[in-house]
Amino acid sequence: MLKFALVGCGRIAKRHSDLLGHGEIAGAQLVAVCDLDADRAKVIAGKFDVPHFTDMHEMMQKIEPDVVSVLTDSGSHADVVVSLAPYGKHIVVEKPIALTLDDVDRMITTCDRNGVKLFVVQQNRFNVPVVKLREALDEGRFGKLVMGTVRVRWCRTQEYYDQDKWRGTWERDGGVISNQAIHHVDLLSWMMGDVESVFAKSSTALVDIETEDTAAVIVRFRNGALGIIEATTATRPTDLEGSISVLGEKGTVEIGGFAVNEMKVWNFTEAQDNDAETLEKYSVNPPNVYGFGHKAYYDHVVDCVVNKKQQLVDGLEGRKGLELISAIYESVETGQEVFLRFQPKRCRLGLSAS
Ligand SMILES: NC(=O)c1ccc[n+]([C@@H]2O[C@H](COP(=O)([O-])OP(=O)(O)OC[C@H]3O[C@@H](n4cnc5c(N)ncnc54)[C@H](O)[C@@H]3O)[C@@H](O)[C@H]2O)c1
């Protein structure tokens, strides 16, 4: 049984603690939680009858968990991970891995030095329709890839941004691209391959925040395919969709729903016997935008730790995603097409506004 501890007991901690605390992950148990805010820690600790802490170092020393999940605000991921790594316990960190490439490099180096596996939560990669899409790509069922698009049409009102000081700031969060659409940007590049360049525009349409709530990005992939990222949290009055389409010379797949969970189109020129079943079986929209992926994600974490397997999204893979996000922000700031590999110069993500 692997012992898991949580650092950060805010919104997303409910999802993590429900899975680990209710025994939904085979081979894993919740043993302690920590938050700077004692009341938040107490609520989760009380629900699962585990000890709570306000100092993560005290928790690590007293509890000695096997794995610690970092669920703090995005701008603090790097400092928290770097100070936890010397305990030599494996670390799960929520998305985005961090906000600057320098921070990610610090995290990777420190985890490597201490023999710590770093897992970045990109749970949508584990949605069953997404896994099926990836298998079809690996089997070469699409032929030449033509176009990949993602749409994030979610609703985040001013009240959402006002819940906590870090939300919607450049220094600690970023906007719809780095916070919400990061899942879909990750899926797009995982499916379509490495990105050659991006050209992006953004706006702050319906809320009062430093960063963008709306963005449109044109992508060119190294294999010649084109892509579009459409991302907004200014959909009203409710969440509409989080979706991906992949179009190739021999087939089209579209996965929609709120959280890329609902197989909408599964259509290939060279049909296979189980195609109709795939379409029917994997078309379930989850009840909210978090989707179902966190359970499959934690099963993967346990499998990688117990069986010493390579994790799907490690620090380097997380870095690749952040490089793409940073390139999108660089393009917004410069008004230019930005080519990867790339070092940010004007991207504001992770930097203080002053
Ligand atoms: N994978 C997903 O679908 C998903 C969904 C929501 C949020 N997230 C990510 O999860 C992270 C947290 O988001 P949230 O909405 O839960 O934020 P939140 O503000 O509700 O919770 C963060 C908590 O971390 C605590 N904290 C900060 N620094 C700490 C420290 N050093 N030690 C202990 N506690 C500390 C804060 O007090 C706060 O209670 C963000 O990075 C966000 O991007 C991921």
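Me: What makes the largest nonpolar core a core, and which of its residues touch the most other members?
Reply: The name is for buried Ala, Val, Leu, Ile, Met, Phe, Trp, Tyr and Cys residues joined through side-chain atoms within 4.5 Å; buried means under 20% relative accessible area, exposed over 50%, partly exposed in between (1.4 Å probe, protein chains only). The largest core has 81 residues, and Met59, Ile91, Ile177, Ile229 and Ile244 touch the most other members. Helix H8 gives the most to this core, with seven residues. Another core, of 29 residues, lies apart from it and includes Phe4, Ala41, Val67 and Tyr298.
This is a predicted model: local features need pLDDT of at least 70, side-chain atom pairs count only at pLDDT 80 or more, and totals for chains, interfaces and linings use all residues. Residues are numbered from 1 along each chain as its sequence is written, and side-chain values use heavy atoms, leaving out hydrogens and water.

Me: Why is H8 called roughly perpendicular to H11?
Reply: The axes of H8 (residues 182-192) and H11 (residues 315-334) come within 10 Å and cross at roughly 105°. Roughly perpendicular covers 65 to 115 degrees, so H8 gets that description relative to H11. Ile182, Val185, Ser189 and Trp190 of H8 make the contact (heavy atoms within 4.5 Å) with Glu317, Leu324 and Ile325 of H11. These residues divide into five nonpolar, one polar and one charged.

Me: Why are the buried residues of H4 said to line one face of the helix?
Reply: In H4 (residues 77-84), the buried residues are His77, Ala78, Val80, Val81 and Leu84. Down the helix axis they fall within an arc of 165°, so they line one face. Their cover includes strand E1 (2-7) and helix H5 (101-113).

Key: Helix = DSSP H or I, 4+ residues; strand = E, 2+ residues; numbered from the N terminus. Arc of directions from axis to C-beta. Axes fitted to C-alpha atoms, helices over the stretch in contact; angles between N-to-C directions. Parallel < 35°, antiparallel > 145°, perpendicular 65-115°, else oblique. Nonpolar A, V, L, I, M, F, W, Y, C, P; charged D, E, K, R; others polar.
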